[in-house]
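Subject: Structure handover

Hello,

Here is the structure I promised to pass on. Please open it first, then read my notes beside it.

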Amino acid sequence: MSKKTWYQQTDAAVCSFFDVDPARGLTKKDALSRLTKFGVNKDTRLNDAMLRALKTVVLREGRHETIPL
């Protein structure tokens, strides 16, 4: 990736960097492997009540899934 910060990158550049197929997302196996290797994504600026209220939509094997943060 170039010297731009992550949010200044193109979708294609971010997907390439993270080795994700933008049309299919991650497989469940890849998602679990990355969770085990890197841990959960958590914004430490948010308190637990805020995190419980938030959900995110992810692409897994070509299907959208809603997961809690």
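Below is what I found, from the whole chain down to single residues.

**The chain as a whole**

Keep in mind that this is a predicted model. The secondary structure comes to three helices and two strands. Start at the N terminus and the order reads α-α-α-β-β. Along the principal axes, the C-alpha atoms fill a box of roughly 35 × 30 × 20 Å. The chain has 69 residues, and 12% of them are buried. I also looked at contacts between residues at least 6 apart in sequence. Of these, 33% join residues at least 24 apart.

**The largest pocket**

Next, the pocket. The largest one has a volume of about 1000 Å³. Its lining is made up of 28 residues, and those closest to the centre are Leu26, Asn41, Val58, Arg60 and Ile67. Which elements give two or more residues to this lining? They are α1 (11–17), α2 (28–38), β1 (55–60) and β2 (63–68). Helix α2 provides the largest share, with six residues. By type, the lining holds 17 nonpolar residues, five polar ones and six charged ones.

**The salt bridge**

How many salt bridges does the structure hold? There is one. The partners are Glu65 and Lys28, and their closest N and O atoms are 3.0 Å apart. Glu65 sits in strand β2 and Lys28 in helix α2, so the bridge ties together parts that are 37 residues apart in sequence. Glu65 is partly exposed, at 25% relative accessible area. Lys28 is partly exposed too, at 48%.

**Arg60**

Arg60 belongs to strand β1. It is also one of the residues closest to the centre of the largest pocket. Is Arg60 buried or exposed? Arg60 is buried, and it has no salt bridge. The nearest side chain of opposite charge is that of Glu65, 5.3 Å away. A salt bridge needs the nitrogen and the oxygen within 4 Å. Even so, Arg60 and Glu65 are in contact. Arg60 also contacts Arg24, Leu26, Thr27 and Ala31, with neighbours within four places in sequence left aside.

**Two positive phi angles**

Most residues other than glycine have a negative phi. Asp19 has a phi near 55°, a positive value. Its place is the loop between α1 and α2. With a relative accessibility of 63%, Asp19 counts as exposed. Glu61 likewise has a positive phi, near 55°. Glu61 lies in the loop between β1 and β2. Glu61 is partly exposed, with a relative accessible area of 34%.

**Pro22**

Pro22 is found in the loop between α1 and α2. It is exposed, at 58% relative accessible area. What does Pro22 contact, leaving aside neighbours within four places in sequence? The answer is Cys15 and Leu59. Pro22 and Leu59 are 37 residues apart along the chain, yet their C-alpha atoms are separated by 8.4 Å.

**Arg34**

Last, Arg34. This residue lies in helix α2. At 25% relative accessibility, Arg34 is partly exposed. Which residues does Arg34 touch, not counting those up to four places away in sequence? They are Phe18, Asp19, Val20, Leu26 and Gly39. Asp19 in that list is the residue with the positive phi described above. For a distance across the model, take Arg34 and Leu51. They are 17 residues apart along the chain, and their C-alpha atoms are separated by 20 Å.

**Where to look**

For a quick tour, begin with the pocket and its central residues, Leu26, Asn41, Val58, Arg60 and Ile67. Finish in the loop between α1 and α2, which holds Asp19 and Pro22.

Best wishes

Key:
Residues are numbered from 1 along each chain as its sequence is written. This is a predicted model: local features need pLDDT of at least 70, side-chain atom pairs count only at pLDDT 80 or more; totals for chains, interfaces and linings use all residues. Side-chain values use heavy atoms; hydrogens and water are left out. On a 1 Å grid over the protein atoms alone, a cavity is a set of points where a 1.4 Å probe fits but cannot get out, and a pocket is an open set with protein on both sides within 12 Å along at least five of seven lines; lining residues have an atom within 4 Å of a point. Grid points are joined across faces, edges and corners, and a volume is the space filled by probe spheres set on the points. Helices (H or I, at least four residues) and strands (E, at least two) are DSSP runs, numbered from the N terminus. Ala, Val, Leu, Ile, Met, Phe, Trp, Tyr, Cys and Pro count as nonpolar, Asp, Glu, Lys and Arg as charged, and the others, Gly among them, as polar. Buried means under 20% relative accessible area, exposed over 50%, partly exposed in between (1.4 Å probe, protein chains only). Lys and Arg count as positive and Asp and Glu as negative; His and the chain ends are not counted. Contact means heavy atoms within 4.5 Å.
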